[in-house]
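These are my notebook entries on a structure that I went through by topic.

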Amino acid sequence: MKTDVLVIGAGAAGMAAALSAAKSGVKVTLVDRDERTGGILNQCIHNGFGLHYFKQELTGPEYAERFSTLLSNFEIDLLTDCHVHKVNPDKRAILVSPKGVFELETKAVVYTAGARERPFGALMIPGDRPSGIFTAGVAQKYMNIENRLIGKRALILGSGDIGMIMARRLTLEGVEVVAVVERLPYSGGLLRNVIQCLEDYNIPLYLSSTVVEVRGKDRLEEVVVAQVDQNYKPVPGTEKIFKVDTLVLSVGLIPQVELLQGLVEFDPVSKGVSSSNIGQSSNEWIFSAGNCNVIYDLVDYVTMEGEKAGKYAALYAKGESFDKGTPIETGENVGIVFPRRYVTGEDLVLYLRSKKPMEKATLIVNGFEKKFEDVMPSEMIRVKIPQGKLTAAQKITVSLKEE
């Protein structure tokens with residue numbers, strides 16, 4: 001089989017990339033391991049999606065359905081229930097499905113495989129190994145897709161957005177959520193979720209705290225929580241025992257990039273694919289978009305970046321080439337920045353997270369400045385810089401100056 005653009009992953013970024021590439025008139029193949037398109041959106045039944053892209057507030061399934069309908073308007077080869085086993089340097093991919101194993105030759109790849117959750121084993125929490133411990137995404141799938149109640153009394157570790165959303169979801173289903181515990185001195189998710197998911201339901205949020213032990217013979221029975229110091233080390237004597245049968249983990253997402261090992265360069269900070277503002281990786285025929293690059297707050301931004309990557313992958317498949325661009329580096333008070341290279345021809349859309357909370361800060365990018373208030377590491381900053389506003393230089397440095 002042959003195609004012009006192979007899109008790997010049919011979540012928000014992949015669907016947008018496939019549509020964008022198809023509009024350019026090239027042959028597009030969209031592959032996903034699930035039985036339907038939409039990715040994680042299908043289990044996110046809460047609202048809050050689409051405000052930037054569709055100018056409407058939608059649930060995750062509604063957002064996914066909008067794109068599924070759009071996909072049907074184009075001749076896109078959609079391969080669901082199909083796993084991409086390997087991408088070879090000669091632009092051939094090995095695909096596995098219930099129908100068998102086959103090879104697909106392509107001119108360009110758009111990699112949109114998203115992210116995976118950090119598992120319980122990675123946290124090195126001492127104690128027993130009982131049942132009743134779930135990552136937030138797994139808990140969400142059990143409840144929203146499979147209609148299973150995961151417990152009766154729960155504690156949530158990590159105040160990421162999905163963790164707070166699951167605190168509300170569990171409460172609505174009759175589960176008592178005793179607390180959300182966060183090791184940072186501030187919330188790990190959006191402020192709107194702190195208000196709508198925790199405060200509105202009187203769910204306590206314990207900051208500068210973490211789980212130091214889990215106890216239970218067969219099913220989880222107790223979770224021990226302690227306060228932590230500035231180095232995130234538990235403070236002796238601050239332990240508190242919560243009697244729960246369920247522990248839900250919302251302790252971060254990791255870009256899913258294993259398929260591209262040895263093919264592209266990765267960002268040492270975000271651990272995602274290091275790409276330019278047009279989605280092109282260090283390997284000219286591999287483009288990427290979405291949470292496999294950097295972890296976003298909003299699906300709308302993932303969609304916009306997917307569209308861009310699909311557009312330029314299609315142009316590459318038609319024979320166009322692009323320069324590597326100007327390197328983008330993190331400066332003062334900036335933890336994560338995306339993209340990592342800037343190719344002229346488009347305005348520079350920057351996504352960044354601060355290293356620490358700041359009441360007032362000025363974003364400085366090679367002569368361009370913009371002021372922000374209430375800057376938090378948990379809330380991604382998105383800023384569009386017109387290309388005429390950037391002074392020419394050998395590199396672009398992104399800094400946040402605290403005021």
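I looked up K271 and recorded it as partly exposed, because its relative accessibility is 49%; buried means under 20% relative accessible area, exposed over 50%, and partly exposed in between, with a 1.4 Å probe and protein chains only. K271 has a positive phi of about 70 degrees, although it is not a glycine. I placed K271 in the loop between β19 (253–255) and β20 (286–288). Strands are DSSP runs of E with at least two residues, helices are runs of H or I with at least four, and both are numbered from the N terminus.

I note the basis of these entries: the model is predicted, local features need pLDDT of at least 70, side-chain atom pairs count only at pLDDT 80 or more, and totals for chains, interfaces and linings use all residues. Residues are numbered from 1 along each chain as its sequence is written, and side-chain values use heavy atoms, with hydrogens and water left out.

Next I looked up N366, in the loop between β25 (358–365) and β26 (368–375). N366 is not a glycine, yet its phi is positive, at about 45 degrees. I recorded N366 as buried because its relative accessible area is 14%.

I then turned to the peptide bond from F338 to P339, which is cis, with omega near 0 degrees. P339 sits in the loop between β22 (334–338) and β23 (341–342).

T246 belongs to strand β18 (residues 246–249) and counts as buried because its relative accessibility is 1%. Leaving out residues up to four places away in sequence, T246 touches residues including F134, I150, L155 and L220, where contact means heavy atoms within 4.5 Å.

I looked up I76 in strand β5 (residues 76–79). I76 is buried, with a relative accessible area of 13%. Beyond four places in sequence, I76 touches A18, L19, A22, V28, L30 and L71.

I searched the whole structure for disulfides (cysteine sulfur atoms within 2.5 Å) and found zero. The cysteine sulfur nearest to that of C44 belongs to C197, 12 Å away. C44 is buried at 9% relative accessible area, and C197 is buried at 0%.

On a 1 Å grid over the protein atoms alone, a cavity is a set of points where a 1.4 Å probe fits but cannot get out; a pocket is an open set with protein on both sides within 12 Å along at least five of seven lines, and lining residues have an atom within 4 Å of a point. I found one cavity of 30 Å³ or more. Its lining includes S276, N293, E305 and F338.

The second largest pocket has a volume of about 210 Å³; grid points are joined across faces, edges and corners, and a volume is the space filled by probe spheres set on the points. Of its 13 lining residues, H52, L190, L298, Y301 and M380 are the closest to its centre.
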